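The note below is meant for a colleague who is meeting this structure for the first time. Please read the points with the sequence and the model side by side.

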Amino acid sequence: MATETFPYTFKVNAAQVVDKDQRTEVVPGERDLAAIAKAYELDGIDSLKADLLLKPYRKAGLRVVGSIKASVRRTCVVSLEPFVQEFKLDIDRTFEPHSSRPRKIKDLNEDGEIEIDLESLDPPDVITDGVLDLGAVICEELALTIDPFPRKPGVEFEGGDSDAVVESAEGEQKPSPFAALGALKEPSEK
């Protein structure tokens, strides 16, 4: 996340959350919503609100827990009709000023490979220069949730059966595309 640039920023000083939880509500303005919509190829964003709780994590880290609610305008890839899609995302992420622990020899299996337990928590993200960008966290969570091929609820693709023979207007059968490819083979290959 540290090397990415995001269309919206909302920075908090990580050092201020030392001994008590801090509730933060993030509501981007109209310009910010337009920038986020453009960056993620959305028709528009009607509303976006993050209700987050910042908690101290270990010595100098933060844990961000909460939810993001968004209402975005999309275009259906099947019917090309506009529709509104609602999201409610739950967040539970941890951040530390640096990598909490380098990989140790015991993390390696007998083949020298790192084994990852998919049931364990993700390792903490990095806090850069004592500042945590909640805007980047919100954008990242939204980008991971957005379907690149949105369908309006209830719309289904009604395509032809792939095994059916295509007939022209005169009633004669068209050859299969594979028959045309077969005709391109050299006689020695047949």
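1. Two strands are said to pair if DSSP finds at least two bridges between them, and helices (H or I, at least four residues) and strands (E, at least two) are DSSP runs numbered from the N terminus. In that sense Val26 has Ala50, in strand 3, as its bridge partner, and strand 2 and strand 3 pair in the antiparallel sense over 5 bridges.

2. Some remarks on the basis of this note belong here. This is a predicted model, in which local features need pLDDT of at least 70 and side-chain atom pairs count only at pLDDT 80 or more, whereas totals for chains, interfaces and linings use all residues. Residues are numbered from 1 along each chain as its sequence is written, and side-chain values use heavy atoms, with hydrogens and water left out.

3. As for the overall make-up, the chain holds 3 helices and 7 strands, which follow one another along the sequence in the pattern β-β-α-β-β-β-β-β-α-α. Of its 190 residues, 29% count as buried, where buried means under 20% relative accessible area, exposed means over 50%, and partly exposed lies in between (1.4 Å probe, protein chains only). The accessible surface of the chain comes to about 13800 Å², and 50% of that surface belongs to carbon and sulfur atoms; such areas come from the Shrake-Rupley method with a 1.4 Å probe, and for residues only the protein chains shown count as cover. If contact is taken as heavy atoms within 4.5 Å, then among contacts between residues at least 6 apart in sequence, 67% join residues at least 24 apart.

4. Which order do the strands take in the open sheet of 5 strands? The order is 2-3-4-5-6, and the pairing is mixed. Its edge strands are strand 2 (22–26) and strand 6, each of which pairs on one side only.

5. Within this sheet, strand 3 and strand 4 pair in the antiparallel sense over 13 bridges, with Leu52 standing opposite Gly66 in strand 4. Strand 4 in turn pairs with strand 5 (residues 82–96), again in the antiparallel sense, over 14 bridges, and here the bridge partner of Ser67 is Asp90 in strand 5.

6. The hairpin of strand 3 and strand 4 has 3 residues between the strands, and Arg58, in the loop between strand 3 (44–57) and strand 4 (61–75), has a positive phi of about 55 degrees although it is not a glycine. Arg58 counts as exposed because its relative accessibility is 58%. In the hairpin of strand 4 and strand 5, which has 6 residues between the strands, Leu80 takes a positive phi near 60 degrees.

7. Asp129 also has a positive phi of about 55 degrees without being a glycine. Asp129 is found in the loop between strand 6 (125–126) and strand 7 (131–133), and with 75% relative accessibility Asp129 counts as exposed.

8. Leaving aside residues up to four places away in sequence, Ser71 touches Ile45, Asp46, Ser47, Val84, Gln85 and Glu86. The side chains of Ser71 and Glu86 are joined by a polar contact of 3.1 Å, a polar contact being a pair of N or O atoms within 3.5 Å; within protein, one must be able to donate a hydrogen and the other to accept it, and residues adjacent in sequence count only if both atoms are side-chain atoms.

9. Helix 2 (residues 134–145) is largely enclosed by the rest of the structure, because 9 of its 12 residues are buried; among them are Leu134, Val137, Ile138 and Leu142. At 1.5 Å a residue, helix 2 should span 16 Å, and its end C-alpha atoms are 17 Å apart, which agrees; the expected span is 1.5 Å times one less than the number of residues.

10. A last point concerns cysteines. Cys139 is buried, with a relative accessible area of 1%, and Cys76 counts as buried at 0% relative accessibility. With a disulfide taken as a pair of cysteine sulfur atoms within 2.5 Å, the count comes to 0 disulfides.
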